[in-house]
Amino acid sequence: VTGAEPIMWGPSMIGFGQYAYRYASGHEGVWPRAAFSPRKAKLSLYGLQTHPDAGPLLDRLGPHTSGVDCVYATRLDRLDLAVLRELVALSWQVTAADAV
């Protein structure tokens with residue numbers, strides 16, 4: 001979906017592209033524009049909640065739970081992959097202005 005080459009972020013996260021962020025607190029950093037981590041208990045998907053239109057798509061994604069910046073799924077084969085692609089594309093759009 002992104003067309004970007006995968007990059008390892010630490011020992012277990014695979015990211016695509018990167019963007020710079022800065023919080024109101026002054027904390028800043030660089031983070032992948034889209035990423036996932038195949039953890040033992042659940043697959044962690046990063047960046048899927050960043051776009052304002054993500055909510056209705058998340059409702060259609062399939063069985064998952066959500067954290068602050070993560071969507072957690074126990075089985076990839078139970079997710080709607082077309083919806084997942086849409087969510088990644090929206091994430092890619094919303095981080096485009098800050099891409100580095």
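Helix α2 has 14 residues and reaches 20 Å from its first C-alpha to its last, close to the 20 Å expected at 1.5 Å a residue (1.5 Å times one less than the number of residues). This is a predicted model, in which local features need pLDDT of at least 70, side-chain atom pairs count only at pLDDT 80 or more, and totals for chains, interfaces and linings use all residues. Residues are numbered from 1 along each chain as its sequence is written, and side-chain values use heavy atoms, without hydrogens or water.

**Helix α2**
- Its buried residues (under 20% relative accessible area, 1.4 Å probe, protein chains only) are V83, L84, L87, V88, L90, S91 and W92.
- These buried residues of α2 pack against β2 (13-16), β5, β6 and α1 (54-61), with contact meaning heavy atoms within 4.5 Å.
- Helices here are DSSP runs of H or I with at least four residues, and strands are runs of E with at least two.

**The sheet**
- Six strands form an open sheet in the order β1-β2-β5-β6-β8-β7, with antiparallel pairing (pairing needs at least two DSSP bridges).
- β1 (6-9) and β7 (65-66) stand at the edges with a single partner strand each, so one side of each has no neighbour in the sheet.
- Four bridges join β6 to the antiparallel strand β8 (residues 70-73), and L45 stands opposite V71 in β8.

**Lining of the largest pocket**
- α2 gives the most to this lining, with four residues.
- β5 (34-38), β6 (43-46) and α2 (81-94) each supply at least two lining residues.

Technical notes. Buried means under 20% relative accessible area, exposed over 50%, partly exposed in between (1.4 Å probe, protein chains only).
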